[in-house]
Amino acid sequence: MPATVVTRDVPVGDVTFHLLEAGPKDAPTILFLHGSGPGANALTNWEWQLGDLGDEFHCIAPDVVGFGESTHPDPAPVGLKAFTELRVRTLIALLDQLGIEKVTLVGNSMGGIISLLLTLTAPERVERLILMGGGGAPIPPTPELLKLILFYENPTTEAMADLLTCFVNDPSFFGDDLQKIAESRMPLASRPEVERSHRATFSPGEPLAFPPEALATITQPVLVVHGEGDRLIPIAAGEYFAANLPNATFRRFPETGHWLMIEQAKPFADAVRQFMTVP
């Protein structure tokens, strides 16, 4: 029986987080951080995982600031580094507000970038780290990632449907529902504040990098998981992190794309359970 997933809004200083939560609050906490993209939020990334893992762990998944129903700063920080730094600061404040001292981070794509910077900024708050299709490696953007970044140059339902097929290994994964799913994501993606946050995130600014010498300072246990068919963040990114994080374990998922937590939902949840018991 899946755990009950509840939603609530949590004011934290000048921002408000829209938060999904499941599981006993006295259990170890897992903080799930979603990826980017037009219409991205915690619900679409993590709902199934919270229901499955909430039987054993305290699972929280916020819409990160600048996404979904959480606050969209106006003016927004310009550039990936500046916006990520704000996201890290507000997430640490969220943990303080919730009275949570330490978490295991699970970061997908941009959530991986945020997870790495949070770990470097406040290592005492991070018990362990899971990177799934994590961004931030020194790898040129793929054509599929550029489609995501440049979505608002042609923000149509057709463009959304085309973009969604890039997230999975095999577009037949969607069956006959691709158009319906694309249509369902457009109302959120079309909000002016969502577009503003997206454009600000991907505007030119000071670069954000994770060189080997910075990664070498992350001593927590790390699980790097990556789909071999990931077309947004290629598996070379996972190989880079596995090679440069000193306590990393690397697991490859064949015939799997960027949405590993959806395409391989149960195997991924099982991998998280097993990793949570690492000494």
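Helix 2 and helix 3 are roughly perpendicular to each other, because their axes cross at roughly 65° and angles of 65 to 115 degrees are counted as roughly perpendicular. The structure in which they cross is a predicted model, and this should be kept in mind throughout what follows. The axes of helix 2, which covers residues 80-98, and helix 3 come within 9 Å of each other, and helix 2 passes helix 3 in a right-handed crossing. On the side of helix 2, the residues that make this contact are Leu80, Thr84, Glu85, Arg87, Val88, Leu91 and Ile92, and in helix 3 they meet Met110, Ile113, Ile114, Leu117, Leu118 and Thr121. Sorted by class, the residues of this contact divide into nine nonpolar, two polar and two charged.

Helix 1, with residues 42-53, and helix 11, with residues 265-275, have axes that come within 10 Å and cross at roughly 50°, which makes helix 1 oblique to helix 11. Helix 1 passes helix 11 in a right-handed crossing. From helix 1, the residues Trp46, Trp48, Gln49, Asp52 and Leu53 take part, and they meet Ala265, Lys266, Phe268, Ala269, Val272 and Arg273 of helix 11. By class, the contact of helix 1 with helix 11 consists of seven nonpolar residues, one polar residue and three charged residues.

Rolling a probe the size of a water molecule over the atoms shows where empty space is left. The largest pocket has a volume of about 580 Å³, and among the 28 residues that line this pocket, Leu80, Ile113, Leu145, Ile149 and Phe202 are the closest to its centre. Helix 3 (110-121) and helix 4 (143-149) are the elements that give two or more residues to the lining of the largest pocket, and helix 4 gives the most, with three residues. The lining of the largest pocket divides into 18 nonpolar residues, nine polar residues and one charged residue.

The second largest pocket holds about 180 Å³ of space. Strand 5 (103-108) and strand 6 (126-132) each supply at least two residues of its lining, which includes Val103, Thr104, Glu127 and Arg128. Pro28, Phe57 and Met276 are also among the residues that line the second largest pocket, and by class this lining divides into five nonpolar, three polar and four charged residues.

Six of the lining residues of the largest cavity are nonpolar, six are polar and one is charged. The second largest cavity has a volume of about 50 Å³, and helix 7 (residues 192-201) gives the most to its lining, with four residues. By class, the lining of the second largest cavity has three nonpolar residues, six polar residues and one charged residue.

Key: Residues numbered from 1 in each chain as written. Predicted model: local features only at pLDDT ≥ 70, side-chain atom pairs only at ≥ 80, totals over all residues. Heavy atoms only, no water. Axes fitted to C-alpha atoms, helices over the stretch in contact; angles between N-to-C directions. Parallel < 35°, antiparallel > 145°, perpendicular 65-115°, else oblique. Left-handed = near helix turned anticlockwise from the far one by under 90°. Contact = heavy atoms within 4.5 Å. Nonpolar A, V, L, I, M, F, W, Y, C, P; charged D, E, K, R; others polar. 1 Å grid on protein atoms, 1.4 Å probe; cavity = no way out; pocket = protein on both sides within 12 Å on 5 of 7 lines; lining within 4 Å. Points joined across faces, edges and corners; volume = space filled by probe spheres on them.
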